[in-house]
Amino acid sequence: MKARIKWVEEAAFVGESGSGHAVVMDGPPEHGGRNLGIRPMEMLLLGMGGCTSFDVVNILRKSRQSITDCYAELYAERAESEPKVFTHIHVHFVITGKDLSDKHVKRAVELSAEKYCSASIMLANGGVEISHDYEVIDADD
């Protein structure tokens, strides 16, 4: 896997992934930025959320669950002093579908957290406390 980060101006950078996708990152005005893009630590949090969400949806689909929607809300706490690393991240999944099995949803969240989500497992191994919960919503007919 490769990535390239190019400084644009002040505190703005463009990150390009090895697959050719690009994203703008920028700092807040108080750090010389113009607030033109996402902060790098926000990007890290989004990456973890995307990784675990991908796993949960994939596992549920393989389990033949009739999933119609899934979103994850992530809440992160950071250390107060430098380096301001994440100290705790909580992931709350909201999963909608028809006749979803609570057992299957619970297992999908656990498998992602314990076995498949490279990003959250890497962060947890680095000392970040990570917790998960979920809610299941029945889809309207």
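**The pockets and their linings**

Mentor: Helix H1 gives the most to the lining of the largest pocket, with five residues. The model is predicted, so to speak of local features a pLDDT of at least 70 is needed, side-chain atom pairs count only at pLDDT 80 or more, and totals for chains, interfaces and linings use all residues. Residues are numbered from 1 along each chain as its sequence is written, and side-chain values use heavy atoms, with hydrogens and water left out.

The largest pocket holds about 600 Å³ of space. A pocket is an open set of points on a 1 Å grid over the protein atoms alone, where a 1.4 Å probe fits, with protein on both sides within 12 Å along at least five of seven lines; its lining residues have an atom within 4 Å of a point. Of the 22 lining residues, Met-1, Ala-3, Ser-17, Met-43 and Gly-47 are the closest to the centre. Two or more residues each come from strands E1 (3-9), E2 (12-17) and E3 (22-25) and from helices H1 (40-62) and H3 (118-125); helices (H or I, at least four residues) and strands (E, at least two) are DSSP runs, numbered from the N terminus.

The second largest pocket has about 340 Å³ of space, a volume being the space filled by probe spheres set on the points, which are joined across faces, edges and corners. Its lining has 14 residues, and Pro-28, Arg-39, Pro-40, Met-41 and Arg-78 are the closest to its centre. Here too H1 provides the largest share, four residues.
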